[in-house]
Amino acid sequence: MAGKITEDYPVIRQKIAVLAGKRNTALYILNPKGTVVFATHPLPRFYDPVLYRNQGLFQQADALKNGYIIYPHHYVNSIGDNVVYSIARTIRDERDRPIGYIIVEIFKSHIEDIANNINANLNLDLLVVDSNFFTVANLRSPKLDGKIFHFSQNRKLTAMGTGFFLARVAGKQSLIAFHTSKYTRFVTIGILPVKVLLESSNFIRFITLLACLLSSVVCLILAVLISRNISRPIYDLVESMKQVESGNLHARVNFQRRDELGLLGRSFNAMVGRIQDLVDNVVAKQRQLRNSEIKALQAQINPHFLYNTLDSIKWLAKLNHVPQISVIATQLGKLLRSSINDADLTTVEESIVTIQSYLAIQKIRYRDKFATVVEIEPNILHCRIPKLILQPIVENAIVHGFEGKKSQGCLSIRGWSEQSDLIFEVADNGVGMKPEWVAAINAGQNIQSASADAHSIGIQNVNRRIQLYYGPEYRLTVQSLLDRGTKVTLRMPIQPETEISKQFAPEDAK
């Protein structure tokens with residue numbers, strides 16, 4: 001192990017020298033006999049432990065068994081460095097006997113470097129004293145280094161430790177700021193005349209006022225520019241709105257912006273474009289409605305001529321003793337008479353009369369191939385329902401249900417009230433419908449088949465009319481089995497005639 005230490009000694013020595021040089025300090029390692037083990041500078045005479053073992057730095061180092069001491073003094077070493085204090089520690093063996101000393105010297109230049117960073121913008125006197133007010137370093141008056149700092153407030157500095165107060169120094173009212181290090185017990189004192197503070201305060205006040213003035217001018221200019229940048233697009237938007245209000249739906253704003261105003265402008269253009277499309281659609285629909293109304297008025301004339309012609313056929317059939325033609329003409333006349341009625345609603349009783357006229361014609365056509373049963377509760381005969389809401393279901397049952405059926409057919413028409421609803425049921429024992437057609441009709445879907453359309457067009461028309469009159473909660477349902485028959489059930493609410501009329505009155509009448 002001793003050989004290893006001997007081999008590493010040059011390396012250790014070199015590292016210690018490099019570290020000491022970087023720290024701007026002097027380093028000495030001595031044995032108790034005064035022999036220099038390592039030194040970065042020539043050893044001063046007062047660092048001889050043989051001569052000064054019981055005094056000064058060595059006395060304090062030997063008295064402190066663990067730790068280091070800080071010993072303030074002032075001298076210029078052999079190479080011109082101004083030493084302000086030393087840090088020393090006694091090296092002891094395992095029996096607590098001194099076997100050497102380590103001494104580190106701190107130069108005043110090191111303190112000056114630290115003070116320059118603090119005192120860069122302040123014209124203040126800065127000094128460092130120890131606990132006995134021995135001046136370690138006076139940066140403003142170097143000639144006072146190493147002397148006792150005489151100040152009337154020294155007791156206050158010792159009592160407070162850290163703080164500041166006002167006092168007179170060299171006949172000037174000054175601000176005293178101080179701080180006591182808990183490691184070295186050195187007191188760093190800064191003395192700044194109040195006059196300098198006031199001058200700095202006036203300068204700061206001037207700079208602050210000037211900055212406020214310039215800021216106000218800049219803010220005013222920015223406010224005008226920002227206001228103009230915001231108000232101009234808004235003004236253009238208001239002008240475009242006035243044009244739209246006057247009827248010019250081609251007015252647009254041209255905002256080449258990506259902020260909220262640009263978004264508002266694009267939304268305005270989209271809104272006006274949409275209004276233009278809606279107006280064009282309304283105009284087109286009004287034109288179509290006018291044409292449809294003209295055609296409807298013209299179409300109303302044809303049933304009157306047809307009804308009068310049927311009346312002539314009826315009398316000719318009676319004169320020629322052909323009763324079947326007379327019955328057909330009479331019943332067809334009743335059907336036409338009910339169809340040319342402009343009312344949207346009819347009573348249940350009137351609807352059943354119309355159905356019976358239709359059944360009379362179909363029985364002649366099918367030569368009594370089917371029988372009919374009509375069961376309507378008397379208490380619902382006065383209720384109002386949409387016109388021709390049951391007749392398409394009855395027609396669908398006869399034309400498609402009994403078509404191709406060889407046996408006798410039976411058609412049942414029933415109606416009753418259930419709580420606040422009217423229930424109508426049209427059932428037949430015809431050929432029935434395919435299950436997928438029934439599912440599609442009950443789901444409100446169109447059936448993609450020509451033969452299916454023939455079965456479902458009347459049912460889908462009735463279902464749509466019920467929902468338009470009373471809402472989506474009312475509809476018809478279909479139950480059907482192939483070769484067994486079909487049953488169609490309609491559900492409608494019981495409503496007074498006045499309520500239904502108001503609900504479906506034209507917009508002009510509301």
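Which residues form one aromatic cluster? Tyr28, Phe46, Tyr47 and Tyr75 do so, where rings of Phe, Tyr and Trp (its six-membered ring) pair if their centres lie within 6.5 Å, and planes under 30 degrees apart count as stacked, over 60 as edge-to-face and the rest as tilted. This is a predicted model, in which local features need pLDDT of at least 70 and side-chain atom pairs count only at pLDDT 80 or more, while totals for chains, interfaces and linings use all residues. Residues are numbered from 1 along each chain as its sequence is written, and side-chain values use heavy atoms, with hydrogens and water left out.

**Aromatic and charged side chains**

- By the ring rule, the count comes to 10 aromatic pairs.
- Phe58 and Tyr101 form an edge-to-face pair, with 5.1 Å from centre to centre and 80 degrees between the planes.
- Phe58 belongs to helix α2 (residues 56–63) and Tyr101 to strand β5 (residues 98–107), so this pair ties together parts that are 43 residues apart in sequence; helices (H or I, at least four residues) and strands (E, at least two) are DSSP runs, numbered from the N terminus.
- Both Phe58 and Tyr101 are buried, a term that means under 20% relative accessible area, with exposed being over 50% and partly exposed in between (1.4 Å probe, protein chains only).
- Tyr470 and Tyr474 form an edge-to-face pair, at 6.3 Å centre to centre and with 70 degrees between the planes, and both of these residues are buried.
- Lys156 lies over the face of Phe165, at 4.3 Å from the ring centre; a charge sits over a ring if NZ of Lys or CZ of Arg is within 6 Å of the ring centre and within 35 degrees of the ring normal.

**Helix α2**

- The buried residues of α2 are Leu57, Phe58 and Ala61.
- They cover an arc of only 95 degrees around the axis, which puts them on the same side of α2; the arc is that of the directions from the helix axis to the C-beta atoms.
- These buried residues pack against β1 (25–30), β3 (69–76), β4 (82–92) and β5, where contact means heavy atoms within 4.5 Å.

**The antiparallel sheet**

- An open sheet of five strands, with antiparallel pairing, has the order β7-β6-β10-β9-β8; two strands pair if DSSP finds at least two bridges between them.
- Its edge strands are β7 (135–138) and β8 (162–169), each of which pairs on one side only.
- The twist from one strand to the next averages 20 degrees; axes are lines fitted to C-alpha atoms, for helices over the stretch in contact, and angles run from 0 to 180 degrees between N-to-C directions.
- Strand β9 (residues 172–180) and strand β10 (residues 187–193) pair in the antiparallel sense over seven bridges, and Thr180 has Val187 in β10 as its bridge partner.

- Another open sheet of five strands has mixed pairing and the order β12-β14-β15-β17-β16.
- At its edges stand β12 (370–376) and β16 (476–481), each with a single partner strand, so one side of each has no neighbour in the sheet.
- Strands β14 (residues 409–418) and β15 (residues 421–428) pair in the antiparallel sense over eight bridges, and Gly415 stands opposite Phe424 in β15.
- Helix α8 (residues 348–365) lies across β12, β14 and β15, running at about 175 degrees to β12.

**Val438**

- Val438 is found in helix α10 (residues 435–442) and counts as buried at 10% relative accessibility.
- Not counting residues up to four places away in sequence, Val438 touches Met433, Val478 and Ser480.
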